[in-house]
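Okay, everyone, thanks for coming. Let me put the model up on the screen, and then we'll walk through it together.

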Amino acid sequence: MDKRAYLTQIPSVDAMLAEPLVKELLEQFPREIVVEGIRKVLNTRRSQILESSDPAQLPQIDKSQLIAELEVLVKSQMKPHLKYLINATGVILHTNLGRAPLSERVCQRITEIARQYSNLELDLSTGERGERYAHVEGLLRRLTGAESGLVVNNNAAAVLLVLNTFAQGKEVIVSRGQLIEIGGSFRIPDIMAKSGAILKEVGTTNKTHLRDYREAITPNTAFLLKVHTSNYRILGFTSEVSLEELVQLGQEYHVPVMEDLGSGSLIDLSRYGLEKEPTVQDCIRAGVDIVTFSGDKLLGGPQAGLIVGKAAYIEKLKKNPWTRAIRVDKMTLAGLEAVLLEYLNPEKAIQEIPTLRMLTMKLPELESRAKDLLGLLLEAQHRTTKTDAPAQPCGESFSARILDDFSQVGGGALPLQKLPTKVVAVKPLRFSVQRLEERLRAYDPPILARIQNDELLLDPRTLEISQFSVLAEAIAVICKSL
Ligand SMILES: *Cc1c(COP(=O)(O)O)cnc(C)c1O
């Protein structure tokens, strides 16, 4: 058969639309998407024919095959693009993976407020207009010791707002060792420029002294800014000015001090064997006028930028029209309030807030989890190979073992922290580990894991126990099928 004969076999769009199975699709999915799908399927077939160098090898046009392709295409169009996934990387806070996962209880609160009307901006005692920030302000005061607090979209917005409110056309003094970049798009010098503030760098990359700040203060100084070097450390011949010294200098010259704390923990994690990080309470106690930090890093809540500090400053921030433009929605507030409520009982918070639970998980628990996962993997391998026993006499499609490794905090927090863990290392026997990693990423739900040498590492720290069997099944099926 020549190409033209094949081409005439391709049905018309109308003929496809008249097919009973396509009619069924039309009942479930929008007509526009079905018609678009038909065109795509038919065009693909047409191109295959036209581009074929050996038309005799082309298969017959099979309508049911075309309809099957159409169904896959239409269904994929109607599937959400944003998917939950299984994180086996051991990186607890990963911006690309949505940072902090929330607990069931927090999600319930978000759903409850999202589904119904609420007193978002209503003072129920007077019946008059209220402030949306009121729902978390009391908690922020109690937990941080600050006079007042405010919440905006994220910490980048919080920093921008503070700079714009107090430093437009004025100078902000920052150490050269703290001119950070976070995840590419947040850079202190750029944020400073956008806010209208003038960056006044002092000191050097490795050393900044109190006198450097002192000499830089002029009548046009808006404030002294300390930025937490979240995702790196300067080691060796270094010195930084402590927050206490900076506050003292600020008081001497009547210049406020602001700190961008980045991750902003409310619990002293050194009590759980982690590196000492300044808590928000520490900063407030040291006398800082304004502190900003993220809601979805170590705090373990929804994406938000929290600002706490002296009441007079917070009041001024509220009056900046930018605050309205970067305000948080009711779902964020519901989630944040629920997470902050957990912090009223710190011992419980460690267990109830997923980020903190993962961060403080002990080695014996990790080991026992790794063993469970390994067991499920071997069981799944056995189950899947039994079915094709004649074709694969020796059966094994992958090997797996437990290894010592390290998890990572991520999210620009505790960059040097080593978190010892036990991982399950999987090695496919019939193809490359890269291939396995790709196939897992394309799985439903997608599964993300790290490659080290020739093995795929599965870290139980960032996995939920309920995900173990899904993971085991996925690996066994993929390793067998490839
Ligand atoms: C993460 C971080 C930011 C940005 O916070 P987002 O909540 O991601 O907007 C700003 N400053 C520091 C020091 C950070 O660590």
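This is a predicted model: local features need pLDDT of at least 70, side-chain atom pairs count only at pLDDT 80 or more; totals for chains, interfaces and linings use all residues.

Let's start at the ligand: one of its oxygen atoms is 2.8 Å from an N or O atom in the side chain of arginine 99. Residues are numbered from 1 along each chain as its sequence is written, and side-chain values use heavy atoms, with hydrogens and water left out.

Back to the ligand. Serine 294 also has a side-chain N or O atom 2.6 Å from a ligand oxygen. How many residues surround the ligand? There are 13, and the closest are Arg99, Ser230, Asp260, Ser294 and Lys297; a residue is near the ligand if one of its heavy atoms lies within 4 Å of it.

Now, the backbone. Arginine 99 sits in the loop between β2 (91-93) and α6 (104-115), and its phi is near 50°, a positive value in a residue other than glycine. Those labels are DSSP runs numbered from the N terminus: helices are H or I with at least four residues, strands are E with at least two. Asparagine 453, in the loop between β17 (450-452) and β18 (455-458), also has a positive phi, near 50°. Then there's the peptide bond from aspartate 444 to proline 445, which is cis, with omega near 0°. Proline 445 belongs to the loop between α19 and β16 (447-448). Why point these out? Because most residues other than glycine have a negative phi, and most peptide bonds are trans.

On to helix packing. Helix α8 (residues 155-167) and helix α9 (residues 188-195) have axes that come within 9 Å and cross at roughly 45°. The axes are lines fitted to C-alpha atoms, for helices over the stretch in contact, and angles run from 0 to 180 degrees between N-to-C directions. So α8 and α9 are oblique to each other; under 35 degrees would be roughly parallel, over 145 roughly antiparallel, 65 to 115 roughly perpendicular, and the rest is oblique. The crossing is right-handed, that is, the near helix is turned clockwise from the far one by less than a right angle, with anticlockwise being left-handed.

Who touches whom here? Ala156, Val159, Leu160, Leu163 and Asn164 of α8 meet Ile191, Met192, Lys194 and Ser195 of α9, where contact means heavy atoms within 4.5 Å. By class, that contact has six nonpolar, two polar and one charged. Nonpolar means Ala, Val, Leu, Ile, Met, Phe, Trp, Tyr, Cys and Pro; charged means Asp, Glu, Lys and Arg; the others, Gly among them, are polar.

Last stop: α6 and helix α15 (residues 330-342) pack at about 145°, axes 8 Å apart, in another right-handed crossing. Their contact has eight nonpolar, one polar and five charged residues.

Key
A polar contact is a pair of N or O atoms within 3.5 Å; within protein, one must be able to donate a hydrogen and the other to accept it, and residues adjacent in sequence count only if both atoms are side-chain atoms.
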